[in-house]
Amino acid sequence: MQLKEALSGLLDENELKKLVKSYDIVGDILIIKIHPDLESKREILAEALHKIYPRVRTIAAVPLYAHTDELYRTRDLEVIWGDENIETTHKESGCFFKVNPEHVFFSPRLSYERMRIAKKVLAGETIINMFSGVGCFSIVIAKMQPQTKMKIYSIDVNPYAYEYMKENIALNKMEGRVIPVLGDVREELKKLELEGVADRVLMPLPEEAHSLLPLAVRTLKSGNEGAGGVIHYYDVSTGRKGDDLFNVPIQRANGIISSAFGNSLRMEIEEKRIVRSVAPRKYHVVLDLRVVKMR
Ligand SMILES: C[S@@+](CC[C@H](N)C(=O)[O-])C[C@H]1O[C@@H](n2cnc3c(N)ncnc32)[C@H](O)[C@@H]1O
């Protein structure tokens with residue numbers, strides 16, 4: 001049964017138009033965005049959702065225009081039905097992710113993107129995940145390479161994300177392969193002396209990745225002619241469907257890299273894709289950048 005169908009007769013036409021039809025299921029928690037004009041209908045909405053998803057333990061609401069914490073990328077949630085405890089374990093691609101969506105960023109909508117990247121990784125790579133959250137990208141990658149020695153340095157500044165990442169590494173038996181690091185990536189990479197070591201860098205923070213692109217390049221392997229690696233660079237793009245949504249992100253990445261490194265490296269785009277729509281005419285996009293250091 002569709003949500004609209006479950007609500008027919010309970011909401012009027014005008015209210016049904018304001019219904020946000022997509023929602024996320026994280027473990028056994030359902031998270032739905034609610035339009036301000038439907039705030040008074042939260043209970044009706046929750047009952048209808050529970051009818052459709054009887055196994056859900058908790059239904060939580062996020063106001064449609066909720067503020068997102070700039071640093072941690074979290075939003076305030078309010079339980080509107082069921083258990084107040086919103087810690088849960090989500091299963092994806094054979095991995096388990098324990099999260100509390102109020103304290104850490106987590107999106108089940110990134111599952112395809114995580115697997116897309118995991119499939120590109122080669123045996124034995126050294127990887128830096130600059131914005132690892134609870135470790136999802138890193139753990140999915142490590143799971144796809146069970147036989148190989150690899151190190152995925154996974155850095156996050158949010159102490160809750162770091163604690164969950166440690167739990168998730170243990171839950172998925174990835175100790176020694178996924179290395180959890182708490183702190184700001186700018187400082188932690190320096191402290192750990194991770195310049196010039198990586199085959200691959202992940203930058204899954206579309207709003208800020210551009211400002212750290214030179215740092216990502218410096219982390220890639222260096223030393224001999226032809227060294228370098230791949231950067232999965234995320235950006236935000238605005239426009240209509242059918243517009244070239246990659247134009248601005250490509251120009252921005254090219255501009256940043258050429259002003260920081262001039263002719264000392266070559267960069268090509270191996271793949272580009274729209275990751276997801278985040279608001280009307282606003283998208284997260286990814287560019288897979290192959291960087292070759294010339295000297
Ligand atoms: C959009 S979330 C992505 C999390 C994770 N990669 C995922 O997909 O679930 C971005 C993460 O970057 C972290 N972050 C933001 N700025 C950071 C910084 N300067 N250094 C390290 N982590 C940072 C936030 O705490 C947040 O967990």
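Residues are numbered from 1 along each chain, as its sequence is written. Because the model is predicted, local features need pLDDT of at least 70 and side-chain atom pairs count only at pLDDT 80 or more, while totals for chains, interfaces and linings use all residues.

Let me start with the domains. The protein chain is assigned domain 1 (3-86) and domain 2 (92-293), with bounds taken from an automatic or database domain assignment. Their C-alpha centres are 30 Å apart. To the contact, domain 1 contributes 11 residues and domain 2 contributes 12 residues; two residues are in contact if their C-beta atoms, placed from the backbone, lie within 7 Å. On the side of domain 1 that touches domain 2, β1 (23-26) and β2 (29-34) each supply at least two residues. Strands here are DSSP runs of E with at least two residues, helices are runs of H or I with at least four, and both are numbered from the N terminus. By class, that side of domain 1 has 8 nonpolar, 1 polar and 2 charged residues. Ala, Val, Leu, Ile, Met, Phe, Trp, Tyr, Cys and Pro count as nonpolar, Asp, Glu, Lys and Arg as charged, and the others, Gly among them, as polar.

I turn now to the sheet. It is open, with 7 strands in the order β9-β8-β7-β10-β11-β13-β12 and mixed pairing; strands pair if DSSP finds at least two bridges between them. At the edges are β9 (178-182) and β12 (265-279), each of which pairs on one side only. Strand β8 (residues 151-156) runs parallel to β9 and is joined to it by 5 bridges. Isoleucine 155 has valine 181 in β9 as its bridge partner. Helix α5 (residues 136-144) packs on this sheet and touches β7 (126-129), β8, β9 and β10 (200-203). The direction of α5 makes about 170° with that of β8, where axes are lines fitted to C-alpha atoms, for helices over the stretch in contact, and angles run from 0 to 180 degrees between N-to-C directions.

Finally, where does the ligand lie? Domain 1 and domain 2 both give residues to the shell around the ligand, so it lies between them. The ligand is surrounded by 20 residues, the closest being Phe131, Gly133, Val157, Asn158 and Val185; a residue is near a molecule if its C-beta atom, placed from the backbone, lies within 6 Å of it. Both α5 and β8 supply at least two residues of this shell. Its residues divide into 14 nonpolar, 3 polar and 3 charged.
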